[in-house]
Amino acid sequence: AEREHALAQEVDHAAGQPISAETQARVLAAAAELGYTPHAAARQLRTGVSDLILMALPAWPFSLSLSLAVSTVTHRLGELGYTALVDPAAERVADLETTLSRLQPIALTASSELLSEALVARLRSAGTRAVIGFGDRPLGFAPAVVVDHAALTRVAMGHLAGRGHRRVLGLMPSDPQYQWFRVGRQAAAEEAAVALGVDLTVMESSLDPDAVAAVVGAALAGASPPEAILAYNDDYALLALRALLDAGVGVPDDIAVIGADDLPVAELFTPRLTT
């Protein structure tokens with residue numbers, strides 16, 4: 001059905017040309033029989049517009065939450081007739097501009113840190129129809145998907161404090177690739193701890209089951225073991241939950257655990273993860 005729709009669009013481009021309906025029908029039938037699919041590059045040369053949407057991502061670890069987001073977006077764009085190209089290491093403005101000059105996408109989504117009013121204006125004048133940023137702040141010159149890391153961390157800390165927990169372990173990532181998000185979340189956790197009268201101890205770990213288990217074990221063996229764990233995200237929270245259960249610690253009766261990002265797997269774990 002998708003191929004037939006694409007073929008019909010190809011014929012529609014011939015509107016105004018001396019091609020009869022009968023000839024159009026024969027061409028469509030022959031193309032369908034031969035399995036013809038319109039050539040994207042050739043179409044771009046003819047129309048001057050591509051169907052390519054560039055998703056420029058910083059060099060983040062491809063966590064489950066990011067993987068779900070990218071797969072959902074690319075699938076939906078495919079349903080709408082667009083081709084999504086993921087650039088997983090868009091770190092510098094110069095690199096992004098080089099990629100854009102080569103591909104000339106019809107739309108771009110990129111880290112707000114890489115976008116400027118001048119760049120967006122140049123893209124629009126060159127034929128890019130939509131530019132969407134993503135980050136922790138809105139943009140005045142383009143739409144942006146905003147994730148307020150400080151706000152979500154304050155909510156998590158408030159939830160733990162509201163349950164009476166006063167000693168909290170902040171489980172943060174050690175991998176430099178996570179720093180893009182970690183800085184905002186950790187700073188907000190520390191500020192909220194002061195405001196709420198919570199004793200927050202921050203410890204780092206790689207996203208490895210044994211590494212997380214070692215950090216959790218060290219915290220439990222300390223002079224003032226935590227009453228709750230504030231995990232950087234659900235990946236870390238689930239590993240912490242596993243480490244606690246393996247150690248025979250009751251969750252949430254002995255130690256509470258809260259994550260972030262609302263991964264679907266949080267519903268499937270026992271006990272269910274607060275996120």
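Predicted model: local features only at pLDDT ≥ 70, side-chain atom pairs only at ≥ 80, totals over all residues.

Colleague: How are α9 and α10 placed relative to each other, at what angle and how far apart?

Modeller: Helix α9 spans residues 209-220 and helix α10 spans residues 234-246; their axes are 9 Å apart and the packing angle is about 60°. That angle makes α9 oblique to α10. The handedness of the α9 and α10 crossing is right-handed.

Colleague: Which angle class applies to α7 and α8?

Modeller: The general idea is that angles under 35 degrees count as roughly parallel and those of 65 to 115 as roughly perpendicular. The axes of α7 (residues 149-162) and α8 (residues 179-196) cross at roughly 40° and come within 8 Å; α7 and α8 are therefore oblique to each other. As α7 passes α8, the crossing is right-handed.

Colleague: And which residues of α7 and α8 meet?

Modeller: On the α7 side they are His149, Ala150, Leu152, Thr153, Arg154, Met157, Gly158 and Ala161. On the α8 side they are Phe181, Gly184, Arg185, Ala188, Ala189, Ala192, Ala193 and Leu196. The contact of α7 with α8 holds ten nonpolar, four polar and two charged residues.

Colleague: At what angle do the axes of α5 and α6 cross?

Modeller: Helix α5 (residues 93-103) and helix α6 (residues 117-125) have axes that cross at roughly 5° and come within 12 Å. That makes α5 roughly parallel to α6. Leu96, Glu97 and Leu100 of α5 meet Leu119, Arg122 and Leu123 of α6. Four of the residues in this contact of α5 with α6 are nonpolar and two are charged, with no polar residue.

Colleague: May we turn to the protein as a whole? How many helices and strands does the protein have?

Modeller: The protein has ten helices and nine strands. Of its 275 residues, 37% are buried. A further way to read a fold is to ask how far apart in sequence the contacting residues lie. Among contacts between residues at least 6 apart in sequence, 67% join residues at least 24 apart.

Colleague: Let us consider single residues. Is threonine 109 buried or exposed?

Modeller: The cut-off for a buried residue is under 20% relative accessible area. Threonine 109 has a relative accessible area of 19%, so it is buried. Threonine 109 is located in strand β3 (residues 107-111). Beyond its neighbours within four places in sequence, threonine 109 contacts Leu54, Met55, Ala56, Ile132 and Phe134. A polar atom of the threonine 109 side chain lies 3.2 Å from the backbone oxygen of isoleucine 132.

Colleague: Where does proline 143 lie?

Modeller: Proline 143 is in the loop between β4 (130-135) and β5 (144-146). Proline 143 is twelve residues from valine 131 in sequence, and their C-alpha atoms are 7.2 Å apart. Leaving aside neighbours within four places in sequence, proline 143 contacts Arg124, Val131, Ile132 and Gly133.

Colleague: Which peptide bond is cis at proline 252?

Modeller: Here one reads the omega angle. The bond from valine 251 to proline 252 is cis, with omega near 10°, and proline 252 lies in the loop between α10 and β9 (256-258). Threonine 270 and proline 271 are also joined by a cis peptide bond, with omega about -5°. Proline 271 belongs to the segment after β9.

Colleague: Finally, what is the phi of aspartate 261?

Modeller: Aspartate 261 is not a glycine, yet its phi is positive, at about 105°. Aspartate 262, likewise not a glycine, has a positive phi of about 60°. Aspartate 261 counts as partly exposed at 36% relative accessibility, whereas aspartate 262 is exposed, with a relative accessible area of 57%.

Key: Residues numbered from 1 in each chain as written. Heavy atoms only, no water. Axes fitted to C-alpha atoms, helices over the stretch in contact; angles between N-to-C directions. Helix = DSSP H or I, 4+ residues; strand = E, 2+ residues; numbered from the N terminus. Parallel < 35°, antiparallel > 145°, perpendicular 65-115°, else oblique. Left-handed = near helix turned anticlockwise from the far one by under 90°. Contact = heavy atoms within 4.5 Å. Nonpolar A, V, L, I, M, F, W, Y, C, P; charged D, E, K, R; others polar. Buried < 20%, exposed > 50% of the residue type's maximum accessible area, 1.4 Å probe, protein only. Polar contact = N/O pair within 3.5 Å; in protein donor to acceptor, adjacent residues only side chain to side chain.
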